[in-house]
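Please look at the sequence and the structure below before reading on. The briefing that follows goes through the parts of the chain, the metal sites and a few individual residues.

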Amino acid sequence: MLRLDDRRLLSALDELAGIGAIEGGGCARLALTDDDRLGRDLVVGWMKELGLDVRVDAIGNVIGLRAGRENLPPVMTGSHIDTVRTGGRYDGNYGVLAGLEVVRALNEAKITTRRPVAIAFFTNEEGARFQPDMLGSLVYAGGLGLNEAYAAADKDGRSVGDELRRIGYLGTTKPGALKPHAFLELHIEQGPILDEEKVRIGVVESVQGISWIEYTVTGVSNHAGTTPMRLRRDAGYLAASVNVFARKLAQEMGGNQVATVGALTLRPNLINVVPNRAVFTVDLRNTDEAKLKEAEACVAAHVAEVAKAERVEVEAKVLARFEPVVFDAGLVDRVERHAKALSLSTRRMPSGAGHDAQMMQRICPTAMIFVPSVAGLSHNIKEHTEAADLAAGAQILLNLMLDLAEE
Ligand code: GLV
Ligand code: MN
Ligand code: MN
């Protein structure tokens, strides 16, 4: 069996984590920032050292291509290298750098596969700076037009198009021009299941649906000491009420339903002033589309009810909405078989997080491989996966890619 060099994988993860490093172990490389550019430059440099033909497309997705014996659709793997502002070092990066180690193993063994092999990293997977999340892979899969993607703006009004140009990653190839034979994404689980159950490999069957809504509430500022409760039009009150409601709703619905109010800003944000403005987000997810719709409707009804009683105005903006995705059953089976062939314990599971793979499933057979996240921590600087697990996942990726690349 061709072995993947896990020490190189670990040192590459370390080196990439040094860019945008946060004290305590994490990373802040928000999409299309200067640190994202430095991260991209580092990975592109590695791709070139490995002899890959590097292509940057018009939404800044980067694909490194290794020629095959025949000019057939490639077997592609990849993920993202952008992070949330308080991210870990493995989310996304692991899948991309493991892909590069697959190429290194092929190079060192002087193997030319029948099909080409491609390693990709996609723009703005996280959605922490620009919405929607999975933006680059969504464009790649034809789910969003370039102009709409370019117009997505961050909190300071800077657009994806301008920022791509500024950091030098507004490429020329057409997103989606290369339609893969199959796509695989290796990723950390980012949740507690594998770690709790002491299972080595997650065989990912699906990704849950996601609904991101931003609410902007307008009330009336007034003196905190003199304004009787009956006269208040408190924008902050609605935000707080929705946060509590969403938590209770998810608990009552049970199953896979989760709900998060992750961003909240109040204006004027002063101790003795009733807020006249609140902007907050609601993130709802469920593996069942009907239940996700039900959760959305319940939150919307609660917002309307409280807004009426408090006499505040509310605007709702959909930042992202993706239905649950089911991966290719045959490819999912192959992930499981390859894990078992290495005597690794497996568990079938849905993904709680969003991934570029869910967009790639729109255009080619796709599957994901999960490895455990210690204590289920992710989007946290303490995110950690044991070296042996990183190595095991990468070895499965190598074996399955070789298999796919010969067919
Ligand atoms: C994106 O990574 C998400 O699932 O929030
Ligand atoms: Mn990720
Ligand atoms: Mn993430």
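How many Å separate the centres of domain 1 and domain 2, taken over C-alpha atoms? The answer is 33 Å. This is a predicted model, in which local features need pLDDT of at least 70 and side-chain atom pairs count only at pLDDT 80 or more, while totals for chains, interfaces and linings use all residues. Residues are numbered from 1 along each chain as its sequence is written, chains are lettered from A and ligands numbered from 1 in the order in which they are written, and side-chain values use heavy atoms, with hydrogens and water left out.

**The two domains**

- Domain 1 covers 6-207 + 326-405 and domain 2 covers 209-322, with bounds that come from an automatic or database domain assignment.
- In the contacts between them, 16 residues of domain 1 meet 9 residues of domain 2, where contact means heavy atoms within 4.5 Å.
- The size of an interface is often given as the accessible area lost when the parts come together.
- For domain 1 and domain 2 the buried area is about 790 Å², and carbon and sulfur atoms give 60% of this area; the term stands for the accessible area (1.4 Å probe) that two parts lose on being put together, summed over both.
- The rule finds 1 salt bridge across the interface of domain 1 and domain 2, a salt bridge being a side-chain nitrogen of Lys or Arg within 4 Å of a carboxyl oxygen of Asp or Glu.
- A salt bridge also describes the pair E214 and K155, whose side chains meet at 3.4 Å, N to O.

**The manganese ions**

- The manganese ion (ligand 2) is coordinated by H80 (NE2), D91 (OD) and H187 (NE2), at 2.0 to 2.3 Å; donors are N, O and S atoms within 2.8 Å of the metal (3.2 Å for Na, K and Ca), and sites may look incomplete, as water is not among the atoms.
- H80 lies in the loop between β3 and α3, whereas H187 belongs to strand β5 (residues 182-188), so the pair ties together parts that are 107 residues apart in sequence; helices (H or I, at least four residues) and strands (E, at least two) are DSSP runs, numbered from the N terminus.
- D91 bridges the manganese ion (ligand 2) and the manganese ion (ligand 3), which lie 3.7 Å apart.
- D91 is buried, with a relative accessible area of 5%, while H379 is partly exposed at 40%; buried means under 20% relative accessible area, exposed over 50%, and partly exposed in between (1.4 Å probe, protein chains only).
- H80 and H187 are both buried.

**The residue I210**

- I210 has its place in strand β7 (residues 209-218) and counts as buried, at 1% relative accessibility.
- I210 and F322 are 112 residues apart in sequence, yet they are 5.2 Å apart in space, C-alpha to C-alpha.
- Leaving aside neighbours within four places in sequence, I210 is in contact with residues including D133, L284, L292 and F322.

**Cysteines**

- A search of the whole structure finds 0 disulfides, a disulfide being a pair of cysteine sulfur atoms within 2.5 Å.
- C298 is partly exposed, with a relative accessible area of 27%, whereas C364 is buried at 5%.
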